[in-house]
Amino acid sequence: MTKTTSLLGALLGAGVLTLAVPSDARELREPQAHMTIDVPDDWNVDVDGRYQRAEPPDHSFHLRIVASDHGMHGEREGEQFMMGILQEKFSNIQVERHARRNDWGNYHSYELWGHGTEENGAPGKFFVLLVTEGRNDRHGLVVVGTGPNDGFDRHQRGIYDVTHSIRAW
């Protein structure tokens, strides 16, 4: 086999591989905060009032993001702030895991987990994250993941993991 044939074979193989492997992420962008999160390619991305929203084609989970300049003021105040945001989409809220601080990459966050009633009247589950930049805690994002119990259970682990892909743009 000549060098030209080997090179041509390698390039052709790389080209076929590129066509066969689709990209695995789509961006959910928050224009005011200039922050983005990767979501699965087949998810719908749209606007829901003041929120940027992503959801799977079957609408079994909703990921909403909105800019925040609240800052990090302690777990109790962070939880009160997140509850105010959550009450826009949920009622009969029962908190299962209260706010706790997490530090990852260039970001800090408080998170809250629980269940209640979705705005359509169905029982559902949620998580809420208040994420701020490490250098400027007045620059941040609120991330709200909600869904009916089965949809939430199916999607939340993967979506929670991708919340750690937050980056500025």
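**Figure 1. Pairing of strand 2 with strand 10 in the predicted model.** Strand 2 (residues 35–39) and strand 10 are joined by two bridges and run in the antiparallel sense, where two strands pair if DSSP finds at least two bridges between them, and where helices (H or I, at least four residues) and strands (E, at least two) are DSSP runs, numbered from the N terminus. Within this pairing, Met35 has Ala168 of strand 10 opposite. The two strands belong to an open sheet of three strands in the order 1-2-10, with antiparallel pairing. Strand 1 (26–30) and strand 10 (167–168) are at the edges with a single partner strand each, so one side of each lacks a neighbour in the sheet.

Residues are numbered from 1 along each chain as its sequence is written, and side-chain values use heavy atoms, with hydrogens and water left out. The model is a predicted one, in which local features need pLDDT of at least 70 and side-chain atom pairs count only at pLDDT 80 or more, while totals for chains, interfaces and linings use all residues.

**Figure 2. The hairpin of strand 3 and strand 4.** Five bridges connect strand 3 (residues 44–48) to strand 4 in the antiparallel sense, and Val47 stands opposite Gln52 of strand 4. Two residues lie between the strands of this hairpin, in which Gly49 adopts a positive phi near 65°.

**Figure 3. Aromatic pairing of Phe61 and Phe127.** Rings of Phe, Tyr and Trp (its six-membered ring) pair if their centres lie within 6.5 Å, with planes under 30 degrees apart counted as stacked, over 60 as edge-to-face and the rest as tilted; by this rule the count comes to 10 aromatic pairs. In one of these, Phe61 and Phe127 are tilted, at 6.4 Å centre to centre and with 35° between the planes. The pair links distant parts of the chain, since Phe61 is in the loop between strand 4 (51–55) and strand 5 (62–68), whereas Phe127 is in strand 8 (residues 123–133), 66 residues apart. Both Phe61 and Phe127 are buried, that is, under 20% relative accessible area, as against over 50% for exposed and in between for partly exposed (1.4 Å probe, protein chains only). One aromatic cluster is formed by Trp43, Phe61, Trp113, Phe127, Phe152 and Tyr160.

**Figure 4. Confidence along the chain.** The pLDDT, which is the predictor's confidence in each residue from 0 to 100, averages 84 over the protein, and 86% of the residues score at least 70. Among the elements, helix 1 (residues 3–20) has the lowest mean pLDDT (42) and strand 4 the highest (97). Over residues 4–23 the pLDDT stays under 50, and for these the model has two contacts beyond four places in sequence.

Notes. Contact means heavy atoms within 4.5 Å.
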